[in-house]
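Colleague: Could you take me through one part of this model slowly, starting from the charged side chains and working inwards? I'd like to know who sits next to whom.

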Amino acid sequence: MTDTPSNKDPFVAMVTARAEVHLRLGDFQPRSMLCATVHEVSRPKFPAIDYHNHLDAQEPRDVLQIMDQCGIEKIVNITMLTGHAALEMIRKYHTAAPGRFATYGWMDWSDVQSPGFFQRSVERLERLVEHGACGLKIWKDLGTTVKYADGTLLRIDDPRLDSLYEKAAELSVPIMYHIADPDAFFLPIDAANERYEELAAHPEWSYYGSHYGKRDLLAQRDRVIARHPKTTFVGAHVAEHPEDLAYVSNLLDKNPNLQVDISARCAELGRQPYTAREFFLKYADRILFGTDLIPEVQMYRLHYRFLETRDEYFEYPSHASRQGRWNIYGLFLPDDVLRKVYRNNALRLLAKH
Ligand SMILES: [Zn+2]
């Protein structure tokens, strides 16, 4: 007797049948048949501060229009420009609408191979803050591509950067870290990768095959945060580890100087709503609303729906290539938590600027 479905028991045949079809992954766009309640939230319950965005390519008046429509009080523009261009960008936004924009500077590595770089970095931070910057962003090129003249990588926890962090504490400006990326970016881009489509669209985002691992990158970052208790750090994207909120909780417990933003991570948080809700309730004073997406009405509204409603199984805000084939669940956060996450935690960091 051969083992084909036709001569199996009909029930066994039914439960063991598998689809053998060819359909392009990008063409598979199923629509959910779930009859779930939909709450469109057009404005946040409290005025919101988007603490993580990039507006260099936008015009202030266009952004303001979206902000007014969506109840966004203020956006923190993390400029990706350096030098004089960064100072110009600060001026452009701050004069266009005083009080509606704040600006983070971007770490300038362009002359890392020239003597005196570390002292120059301290002076650059001073100059940025003099011109109105409210923080400094350090991106994942540190630890992965930034190299000394001799070709060796600059480590995230290189002690020569300590003076920069001390200066940030002295000036009362936070350092925002975006070190590492989603866990799946460190795995092969194959059929088992939960971000297959995203990585297929952006193969350059993959770390697979490189000699550094995510655990090591985060460990280097975590050492710096622990070494500088007087410096305020913002861990962008839920400190890069929303897949493991126990890790992030532990990091927050150990380091009172650390805050996290939720930018570009609704997908991760919203697929684990029970754990995420507990996380928000426990760390309500340490979580910042941020988006890291082009300002658009629907983008902001999906965030409000995620944070405020108990809607089930809906799309998360994302860039075009999406982050994974799943939907999210609302966290129905209480008012006191929403007030802190949307606004008060950011105001505290912005208070001196
Ligand atoms: Zn960003």
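Modeller: Let's start with R120, which counts as partly exposed at 24% relative accessibility (buried is under 20%, exposed is over 50%, partly exposed is in between, with a 1.4 Å probe on protein chains only). Keep in mind that this is a predicted model, where local features need pLDDT of at least 70 and side-chain atom pairs need 80 or more, while totals for chains, interfaces and linings use all residues. Numbering runs from 1 along each chain as its sequence is written, and side-chain values use heavy atoms, without hydrogens or water.

What does R120 pair with? Its side chain meets that of D111 in a salt bridge, 2.6 Å from N to O (Lys or Arg side-chain nitrogen within 4 Å of an Asp or Glu carboxyl oxygen).

The D157 side chain bridges to R155 at 2.9 Å, N to O. D157 is buried at 9%, while R155 is partly exposed at 37%. D158, for its part, meets R160 in a salt bridge of 3.0 Å, N to O. Here D158 is buried at 8% and R160 is partly exposed at 44%. Elsewhere, E194, R195, E198, E268 and R271 are tied together in a network of salt bridges. The count for the model comes to 27 salt bridges.

Now for the metal. The zinc ion has three protein donors: H52 through NE2, H54 through NE2 and D292 through OD, at 2.1 to 2.5 Å (donors are N, O or S within 2.8 Å, or 3.2 Å for Na, K and Ca; with water absent, a site may look incomplete). Along the sequence the donor residues follow the spacing H-x1-H-x237-D.

H52 is buried, since its relative accessibility is 0%, whereas H54 is partly exposed at 22%. H52 belongs to strand β1, residues 48-53 (DSSP runs: strands of at least two residues, helices of at least four). Its side chain makes a polar contact of 3.3 Å with the side chain of H54 and another, of 2.9 Å, with the side chain of D261 (N or O pairs within 3.5 Å, donor to acceptor). Beyond four places in sequence, H52 is in contact with V76, I78, K137, M176, A236, H237, D261, S263, G290, T291 and D292 (heavy atoms within 4.5 Å).

Two of those H52 neighbours, V76 and M176, take us to the nonpolar cores (buried nonpolar residues joined through side-chain atoms within 4.5 Å). The largest core has 90 residues, and W109, I138, F280 and F289 touch the most other members. Helix α12, residues 297-308, gives the most to this core, with 7 residues. Take F280: leaving out residues up to four places away in sequence, F280 touches I262, L269, I287, L307, L331, L333, V337 and V341. V76 and M176 belong to a second, separate core of 15 residues, which also includes V234 and L350.
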